[in-house]
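Biologist: I am new to this structure and would be grateful for a guided reading. Please take my questions one at a time.

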Amino acid sequence: MRLCNLSTSLPGWLSRRWAIALTLASLALIASAAVLGAGKAKNEVTPAGKADGKADVKTDTVHISFQTVPPRKAMVKWGKKSLGVIPVPRPLVVERPRDSGPMDVVIRASGYLPVHTRAYTFSDSRVAVKLTAPAEKKTLFGYRQEAPQNPDGGVQVPEPVAAPQPQ
Amino acid sequence: MGAICAIGISSCHAGTQTHSSTAPTQNLTSVSPAGPSNQPGAPPTAQPGGALPAAPTVAVPAQGADNLALVIHDGKESWLDAGAATRSGYTIVDFGNDWTPFIFAEQVAPDGTALHNRYRRVFVGLANDTLDEDGTPLPAGEKNYLELYGIPPSFGVLQGRFLANEQQSCHANISQEKLEEVETITYIAPEKMHADEQKMARLGRDLEEARRKNKVATLADLAQKDPSFAAKVKILERRAAEKAAMTEVEKRLACEGMFKRGTHHNLGIYDDGMRMAVRRFQQKNMIYEANYLRSKTMDALARPPLANDHLAFMRVLRERVVSAAGVIEDGSVDTKAGAPTYNNRAGQSAPLRNLAEELTQSAAEQLGLATPEGALAFFKRHPAADFQHLRVAVKLPTLPEYYGPNMDLSIVIDRGDVWYDLPWDASGVRHPQPRKHYPSFHLYLKYNNQRILLARWRTTVGGWRAEQASDGYEYFRYKGSDVGQRVIRNIVAGPVWIAPESTPIRSLLKTKGVNNSWQRVVNYDELGPGFLSAYGLVAGYFVVPGKNGKPDWDNGIRAHGSSDYLSIYSSEGFSHGCHRLPNHLALRLYSFILRHRPMRILGDQGMGFARQFLVGDDVFEIRLPSRGYSYQLEPPLPVDVLEGEIKGTLKSPVMTYVPKPGIKYPGPPPPVRNSAEGRAGEGVSTKSEGEE
């Protein structure tokens with residue numbers, strides 16, 4: 001059940017390969033959590049709240065798990081405050097008061113571009129962040145190819161084209 | 001009169017009833033913010049037609065105070081059982097600090113499951129100055145001032161304003177006379193200030209010399225003796241009055257705490273510090289005007305603080321009364337000839353009433369709150385804790401006979417004058433595209449074989465907008481509003497706009513203080529949910545209904561709330577194709593529709609959306625956990641978008657990207673990208689930065 005939750009909550013940009021990697025990481029995590037017992041709550045991954053925001057049991061706090069894809073040791077900073085380093089293969093789990101507002105964090109891993117992302121405190125959640133090496137940044141949306149030295153500029157007035165019609 | 005007698009009699013019956021000046025607090029913790037009138041599908045509590053039933057039994061606090069409502073009669077306060085009061089024709093108006101419009105109220109599924117709305121907590125926190133737009137705690141003493149954006153202050157916040165202004169002594173040092181002397185204050189850019197002062201000094205010297213030559217005592221005498229000087233004298237006098245008024249404006253804004261800590265302002269100069277303070281003042285007083293010292297802003301600055309506070313109180317009361325009674329008519333359909341009429345069941349012609357105004361005034365008068373002094377006394381006799389869950393019972397005028405739980409409503413949008421031509425030429429020079437008829441939003445009711453126009457508001461249609469193409473460059477694209485028949489099937493409260501990839505990246509970032517660090521973050525303000533969202537606080541989704549089992553066709557057009565009020569009221573304002581309404585009107589509209597049409601509450605629409613984009617050497621990730629809180633109309637609401645009048649040469653829109661003048665591109669424009677979400681967005685227009 002946990003595995004289903006995990007894979008269905010993955011963002012669309014994650015490839016199948018990384019989904020499998022994350023699943024394996026979660027399996028390892030569940031196994032280690034079972035060994036460690038309930039005493040080390042901060043290192044456990046708690047089940048994510050339902051996608052519709054309704055958690056089965058509402059506590060005063062929520063747990064946010066930070067992971068990277070591929071799994072790498074990465075520093076998670078929330079403003080000036082360091083939340084810690086992701087202890088691969090386990091995630092970094094942070095406890096926050098429920099409904100205390102979002103956290104805008106920056107995740108930095110050596111050899112990768114820093115990622116600015118957001119974690120929410122509505123319910124327990126996972127933040128699985130894809131890392132991109134600088135050499136791969138052209139694969140990211142927003143990458144801008146350089147304009148040639150002497151291109152045509154100015155304004156062209158194209159011919160009108162009919163608008164698409166409803167099916 | 002009957003209503004007043006009823007209250008009096010019931011008070012007399014309760015010989016042991018104490019006229020406490022404070023709300024009973026025992027057992028009051030469980031009062032729902034959504035009173036009986038706010039329950040899904042419940043009819044409005046002000047009953048249409050017919051006489052009011054008998055007076056209710058007066059509740060005794062010992063029976064349990066959690067269902068009591070305050071009534072005020074001749075200045076004396078007493079408590080009624082809210083349920084009995086409702087059955088007797090009272091309307092329960094929620095005065096609690098945890099009030100929200102119907103669309104953000106706590107809802108329950110048919111199986112009894114609570115359907116939690118993520119944005120409700122933020123809405124309440126913003127209204128109470130306890131949370132910021134992200135839902136994080138607001139530093140002590142900070143104010144939100146979001147009424148202009150659809151979030152009215154709570155009565156608790158208003159109480160604070162009334163009491164603080166009463167004790168504030170700095171207002172005594174402000175000359176109301178000097179403020180009233182000018183209608184506006186001319187804006188002079190800070191960098192032109194010195195040159196302007198020199199010009200005025202020169203003009204003063206010239207006129208003084210002329211006065212001496214003409215041997216008259218004053219410049220006014222000079223203008224009378226030689227009318228050729230009259231215009232110059234007028235300019236000099238007006239500027240002198242404006243300078244004096246500017247000093248008073250600065251004093252007034254400082255006295256009201258409008259200059260935020262950390263902002264810098266040079267006295268006498270309309271710099272950024274001043275502009276921000278004026279904007280806060282406009283937000284506080286719900287003034288739809290650009291951030292300059294124009295007529296509405298100057299009028300408010302010249303009014304005593306208590307008068308402004310009372311106007312704010314009446315606006316807040318209006319939202320609560322409109323919500324409690326479930327009405328929409330606000331006089332917006334009136335013309336110079338007066339209110340339009342309709343034929344009632346008896347075949348008589350009846351005027352369409354301005355129910356928002358009428359009911360609000362009625363409530364204010366019954367409660368003794370129609371004057372600034374009355375409202376101040378009310379706030380002084382109630383401790384702040386009373387406003388946490390306070391409910392008030394009033395007898396409102398009877399609603400028109402056409403009211404009911406299932407009203408035959410429909411929407412018509414007139415696009416007004418529409419231009420498809422490019423608004424600039426090959427050299428990038430803009431050409432005006434004047435409009436006489438602006439786009440308008442109409443809410444109709446079919447009743448008794450006639451179509452009654454209930455409300456008419458200004459709205460927006462699409463126009464030329466900047467869009468980011470797949471090559472990473474921005475182009476212009478015509479983003480028009482579809483014409484023809486549609487329906488609204490889904491209404492989403494606290495909607496989230498999933499920025500399409502065509503959104504210019506510069507509008508997806510903002511700087512924000514995060515844990516003592518000033519950093520760039522994804523601009524969730526624009527994505528939502530929130531009052532600044534591209535979809536505002538609520539959106540109705542236009543679709544063409546699918547036939548023969550096919551799904552609805554959604555081309556991304558919505559009628560939604562918007563914080564960009566200047567785009568709605570400005571002659572130059574356009575959207576990306578959607579029809580924008582000021583947030584407070586959108587909230588009223590959709591709350592009204594949901595309460596007078598069969599509907600289903602779908603609740604929070606969870607999703608796990610994430611998308612990354614690159615800015616320099618940093619990756620930014622958009623994460624959206626929900627699409628918003630959805631209601632489904634069954635049957636859907638008919639919408640008809642009229643073509644309007646096509647102006648100019650082109651009679652159909654350009655459907656390809658058009659390069660921006662002066663920009664060097666790597667090649668020809670790539671093909672346009674279409675997505676439903678591409679019809680919203682606020683941040684980028686075709687205008688250059690700095691243009692108003």
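Biologist: Which residues point one way from β14(B), and which the other way?
Modeller: This is a predicted model, in which local features need pLDDT of at least 70, side-chain atom pairs count only at pLDDT 80 or more, and totals for chains, interfaces and linings use all residues; side-chain values use heavy atoms, leaving out hydrogens and water. Residues are numbered from 1 along each chain as its sequence is written, and chains are lettered from A and ligands numbered from 1 in the order in which they are written. In a regular strand the side chains alternate between the two faces of the sheet. In β14(B) one direction is taken by E474(B), F476(B) and Y478(B), and the other by Y475(B), R477(B) and K479(B).

Biologist: Why is β14(B) described as largely enclosed by the rest of the structure?
Modeller: Strands (E, at least two residues) and helices (H or I, at least four) are DSSP runs numbered from the N terminus. A residue is buried under 20% relative accessible area, exposed over 50% and partly exposed in between, with a 1.4 Å probe and protein chains only. β14(B) is largely enclosed because the number of its six residues that are buried is six.

Biologist: Which strands pair with β14(B)?
Modeller: Two strands pair if DSSP finds at least two bridges between them. One antiparallel pairing, over two bridges, is with β24(B), residues 658-659, where V658(B) is the bridge partner of F476(B). In another, R465(B) stands opposite R477(B), and six bridges make the antiparallel link to β13(B).

Biologist: Which residue in the turn between β13(B) and β14(B) has a positive phi?
Modeller: The two strands form a hairpin with five residues between them. The phi in question is about 85 degrees, and the residue is G472(B).

Biologist: Which backbone nitrogen does the side chain of D471(B) reach?
Modeller: D471(B) lies in the loop between β13 (463-468) and β14 (474-479) of chain B. With a relative accessible area of 10%, D471(B) is buried. A polar contact is a pair of N or O atoms within 3.5 Å; within protein, one must be able to donate a hydrogen and the other to accept it, and residues adjacent in sequence count only if both atoms are side-chain atoms. At 2.9 Å, the side chain of D471(B) reaches the backbone nitrogen of Y473(B).

Biologist: How do the residues of the contact of α4(B) with α13(B) divide?
Modeller: Contact means heavy atoms within 4.5 Å, and among the residues that meet are F162(B) in α4(B) and F379(B) in α13(B). Ala, Val, Leu, Ile, Met, Phe, Trp, Tyr, Cys and Pro count as nonpolar, Asp, Glu, Lys and Arg as charged, and the others, Gly among them, as polar. The division is eight nonpolar, one polar and two charged.

Biologist: Turning to chain A, how many helices and strands does it have?
Modeller: From the N terminus, its elements run α-α-β-β-β-β-β-β-β. The count is two helices and seven strands.

Biologist: What is the order of the open sheet of three strands in chain A?
Modeller: Its edge strands, each pairing on one side only, are β4 (92-97) and β7 (125-130). Strand β1 (residues 61-69) pairs with β7(A) in the parallel sense over six bridges, with R126(A) as the bridge partner of S65(A). The pairing in the sheet is mixed, and the order is β4-β1-β7.

Biologist: Which strands are joined to β5(A) by five bridges?
Modeller: Six of the seven residues of β5(A), residues 103-109, are buried, so the strand is largely enclosed by the rest of the structure. M75(A) stands opposite R108(A), and V106(A) stands opposite H116(A). Both links are antiparallel: the strands are β2(A) and β6(A).
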